[in-house]
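Please open the model in your viewer and keep the selection tool handy. We will go from one selection to the next.

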Amino acid sequence: MEGRRMRVVQALRVSLMLTVGIMAHSFAQFSPGELSRAHRQLEGINNCLQCHETGKEISGRKCLTCHTEIKNALQRKRGYHFNVSSQPCVACHKEHLGAEAKTVLIDRLSFDHARTGFVRTGKHATIRCEECHTPRLIQDADVKALVQKTGRETFLGLGTGCISCHEDRHAKTVGTECQSCHSTSTWSPTPAFDHAKTEFALTGKHATVPCSKCHTSPEQKTKAMPVLFGTKEFGDCAPCHVSPHSARFSQQPCRSCHVPDGWNVRTLAGKFNHDQTAFKLLGKHALVACEKCHKTGTSRAGSALKLAHNACTDCHVDYHRGDFAARFGNRCESCHTPFGFVPATFTVAAHRAARFPLTGAHAAVLCEDCHVRGDDGRRGFHFADLRCEACHRDRHGGQFAQEMKGRSCDACHSTTDWRPESFDHAKTNFPLVGKHASVRCGACHRAKKVGGFEVPQYKGTDRRCAACHEDAHAGQFAVNGSSDCARCHQPQGWKNLIFDHNTHSTFALTGAHVRVPCRRCHREERRGATAFVRFKPMPSTCESCHTPGSIRNG
């Protein structure tokens with residue numbers, strides 16, 4: 001019995017060893033080796049299809065599922081991976097070589113850096129890869145995020161511009177396109193730099209001056225020789241040269257008379273740039289002969305060339321004859337330009353600060369419609385009377401002359417719309433309530449001709465209902481020829497009655513009469529072509545309604 005038990009145990013041991021051997025042999029057929037540390041989360045036979053495709057070689061399509069930084073670069077069509085996108089990923093990246101193995105297999109000596117989009121020339125060709133490919137110089141946001149998350153080393157994500165790796169030695173004064181002046185071989189000299197393309201071309205004697213004489217470093221900066229890269233201080237000679245003219249021409253640049261070929265003063269005619277003086281020749285001033293202003297005329301610098309030009313009236317006659325002296329101090333340039341006396345630059349916005357601001361429809365009126373020419377041919381700009389009636393006729397034909405004493409049309413109207421905005425009908429002796437509030441003005445205020453114009457009548461409007469409404473009762477309630485509708489009806493509606501049968505009539509409704517509909521007693525009648533309901537006179541005896549066989553008796 002004991003021997004039999006031993007034989008069974010031995011058989012189980014052999015079977016277990018065979019099973020383990022078969023499993024190990026099978027796994028070796030599927031996995032050629034251990035994955036790298038970067039991909040170790042994909043270890044195991046159940047994860048093979050995360051990278052491999054059934055029955056196919058690895059294409060790299062599945063790689064982009066995880067490597068989104070590569071996928072985004074491909075979509076932007078730039079970078080090394082885009083330039084080699086025709087090759088499969090496994091051409092450069094190998095796996096199953098062990099946990100510590102490198103997955104990027106690139107020969108640094110044969111690597112073609114030009115395929116990255118950045119050609120290594122000059123001194124760039126001699127530096128080690130790691131001097132540029134360092135985490136602090138990564139520009140691409142996707143790659144930067146990947147490095148921060150995983151801590152992995154990468155050659156991706158660098159920019160191609162000089163400023164992405166190098167310090168801006170010019171402190172943003174000349175832009176960031178370094179290659180426009182410098183080369184990769186040496187920082188200085190700058191073979192691509194052309195001083196003629198700057199704001200200060202080197203001509204005459206300036207062409208022989210050493211660069212450092214004008215362009216000093218920040219450490220060497222002095223008041224006499226400031227740093228002039230990218231600035232506008234080269235606009236005149238003053239930063240480098242001392243003017244011999246003292247304060248006589250302090251407002252004029254030297255080059256308005258002098259040239260870089262020599263200090264000798266050139267002939268003023270055709271050489272002098274008047275735009276560089278304190279009085280630029282703009283517009284029509286540029287067409288005026290020099291002698292017209294500079295009466296004496298001279299070719300030498302001196303006080304004779306200095307003219308008073310504090311105001312236009314120093315040379316021109318005041319067209320407005322002092323009308324604007326108080327407000328503008330005769331500064332003609334407040335409204336006019338040297339390009340012509342008209343049109344003026346006085347805007348609607350400026351008019352708002354005047355005695356008569358232009359609002360509403362006034363802003364669309366042509367200037368000359370109000371500022372007309374007088375007998376002397378000059379346009380008037382000052383008005384003694386600024387009231388509406390000074391320009392507009394009375395559209396009401398004098399109806400409100402008494403009320404408007406000391407007031408103007410703007411008491412009811414505005415410049416935005418002729419229709420009253422502020423008029424309150426409740427302040428009249430006929431407040432608009434109920435349905436009267438929705439009636440258009442012209443339905444009650446009819447027009448009649450006054451002085452050849454159709455004028456709506458507002459004063460003396462008849463307030464009686466009968467003046468506007470037809471008597472629906474055919475005169476049954478008229479007293480001395482007039483009906484007082486308000487005794488029974490209200491403006492809120494024709495059927496909104498305040499009539500009380502018990503107090504307003506001679507027949508009080510009591511008992512069963514209270515429930516009888518009005519039309520049972522008050523029937524429709526006709527008087528010629530007019531139909532009306534009979535309300536009075538009405539019989540008041542019982543027999544007049546309740547008789548044998550009578551319809552009303554029912």
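Select Asp323 to begin: with 31% relative accessibility, Asp323 is partly exposed, a class that runs between buried (under 20% relative accessible area) and exposed (over 50%), using a 1.4 Å probe and protein chains only. This is a predicted model, where local features need pLDDT of at least 70, side-chain atom pairs count only at pLDDT 80 or more, and totals for chains, interfaces and linings use all residues. Residues are numbered from 1 along each chain as its sequence is written, and side-chain values use heavy atoms, leaving out hydrogens and water.

Asp323 and Arg378 form a salt bridge with their closest N and O atoms 3.8 Å apart; the term means a side-chain nitrogen of Lys or Arg within 4 Å of a carboxyl oxygen of Asp or Glu.

Next, pick Arg37 and Glu100, a salt bridge whose closest N and O atoms are 2.0 Å apart. Arg37 is partly exposed at 42% relative accessible area, whereas Glu100 is exposed at 59%.

Then try Glu389 with Arg387: their closest N and O atoms are 3.2 Å apart in another salt bridge. Glu389 has a relative accessible area of 34% and is partly exposed, and Arg387 is partly exposed too, at 43%.

How many salt bridges does this rule count? The count comes to 14.
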